Amino acid sequence: MVSARRTSVWLEGKSPRARKAEQPSGLDREKITEAAVRLLDTEGLARFSMRKLAAGLNVTAMSVYWYVDTKDDLLELALDRVVGELPIPDPASGADWRDRLRELAASYRALFVAHPWASSLVGHFLNIGPRSMEFGRTAQQVIADTGLPLHLQSAALSSVFQFVYGFGTVEGQFRQRCEEAGMSQDAYFRHAMGAFRDQPAYGEDYERAERIMAARGGDTVEEMRDRDFRFALEVQIAGIEAMVARGA
């Protein structure tokens with residue numbers, strides 16, 4: 001469990017340790033972090049352990065601890081590593097802030113879908129790793145380019161990216177649950193809706209859900225989520241435009 005008293009692995013002021021003569025060759029902090037991400041993707045945060053990680057690397061747990069002081073440190077490194085997968089729009093491209101915001105939001109959503117464990121860690125850490133800082137600075141610049149006054153930019157940033165965080169977290173967890181059940185998202189959704197339909201107490205709610213589903217087009221779960229996300233993001237953008245137009 002992440003300790004509330006710790007600060008950040010990035011504030012330790014320590015350089016990554018070099019391999020000792022008795023340490024396994026080819027092992028370093030970078031490779032350990034990569035292996036941690038793979039294990040988190042397959043096992044999830046609840047089942048992640050340093051012992052499993054060491055076994056996957058074919059080393060002892062003490063060999064891993066030579067490069068990272070704690071499990072928390074490694075989780076923070078792993079989180080920054082996956083944030084580094086996100087494409088960052090070039091601020092010098094001249095692209096409109098709306099297009100850059102759409103790109104960042106889509107990337108952030110994809111992070112939590114591809115790595116469901118990441119959403120549980122974002123609020124626990126300061127997120128000041130180099131990749132996280134780069135993403136944060138880019139997002140801040142996009143919001144600054146909207147024309148909102150400085151005192152409202154933080155709130156606008158939170159509005160957009162907390163929405164994306166919530167959307168991506170729910171989507172990622174649903175996808176993970178389907179995988180654990182050995183079912184596709186569509187099959188699992190039909191199964192869940194069938195169980196919902198068969199409960200008399202939820203008859204009216206089910207009928208309302210069916211009408212909404214029909215209005216959405218009745219496509220796959222993934223396609224429906226994509227449409228919902230794009231529309232919800234446009235609502236966010238329209239809200240920022242409205243606030244700028246009225247002088248906030």
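## Nonpolar cores

A nonpolar core is a set of buried Ala, Val, Leu, Ile, Met, Phe, Trp, Tyr and Cys residues joined through side-chain atoms within 4.5 Å. In this predicted model, the largest such core has 51 residues, and Phe48, Leu53, Leu101 and Tyr108 have the most contacts inside it. The helices that each supply at least two residues of this core are α1 (29–43), α2 (50–57), α4 (71–83), α5 (97–114), α6 (118–122), α7 (130–144), α8 (150–181) and α11 (221–245). There is also a second, separate core of 6 residues, with Cys178, Met213, Val221 and Met224 among them.

Which residues does leucine 53 touch? Leaving aside residues up to four places away in sequence, leucine 53 is in contact with Ile32, Ala35, Ala36, Leu39, Phe48, Val64 and Leu74. Of these, Ile32, Ala35, Ala36 and Leu39 are listed among the buried residues of α1.

## Overall make-up

The protein has 11 helices and 0 strands, so that from the N terminus on its elements run α-α-α-α-α-α-α-α-α-α-α. Its C-alpha atoms fill a box of roughly 65 × 50 × 35 Å, taken along the principal axes.

Of the 248 residues in the protein, 38% are buried. Where contacts join residues at least 6 apart in sequence, 73% of them link residues at least 24 apart.

## Helix α1

Helix α1 has 15 residues. From its first C-alpha to its last, α1 reaches 20 Å, close to the 21 Å expected at 1.5 Å a residue. At its N-terminal end, α1 is capped by aspartate 28, which places a side-chain oxygen 3.2 Å from the backbone nitrogen of glutamate 30. Just after α1, glycine 44 takes a positive phi of about 85°.

Buried residues of α1 are Arg29, Ile32, Thr33, Ala35, Ala36, Val37, Leu39 and Leu40. The cover over them includes α2, α3 (61–65) and α4.

## Helix α9

Helix α9 spans residues 185–197, which is 13 residues. Its reach from first C-alpha to last is 18 Å, close to the 18 Å expected at 1.5 Å a residue. Tyr188, Met193 and Gly194 are buried in α9, and what covers them includes α8 and α10 (203–216).

## Largest pocket

The largest pocket holds about 520 Å³ of space. Its lining is made by 20 residues, of which Tyr108, Val122, Asn127, Phe135 and Gly136 lie nearest the centre. Tyr108 is also one of the residues with the most contacts inside the largest nonpolar core.

Which helix gives the most to this lining? Helix α7 does, with 7 residues. The elements giving two or more residues to the lining are α4, α5, α7 and α8.

## Cavities

How many cavities of 30 Å³ or more does a search of the whole structure find? The search finds 2. About 40 Å³ of space lies in the second largest cavity.

Residues lining the second largest cavity are Trp10, Glu76, Leu79, Asp80, Phe125, Asn127, Ile128, Gly129 and Ser132. Helix α4 gives the most to this lining, with 3 residues.

How values were computed. Residues numbered from 1 in each chain as written. Predicted model: local features only at pLDDT ≥ 70, side-chain atom pairs only at ≥ 80, totals over all residues. Heavy atoms only, no water. Buried < 20%, exposed > 50% of the residue type's maximum accessible area, 1.4 Å probe, protein only. Helix = DSSP H or I, 4+ residues; strand = E, 2+ residues; numbered from the N terminus. Contact = heavy atoms within 4.5 Å. Expected span 1.5 Å × (residues − 1). Polar contact = N/O pair within 3.5 Å; in protein donor to acceptor, adjacent residues only side chain to side chain. 1 Å grid on protein atoms, 1.4 Å probe; cavity = no way out; pocket = protein on both sides within 12 Å on 5 of 7 lines; lining within 4 Å. Points joined across faces, edges and corners; volume = space filled by probe spheres on them.
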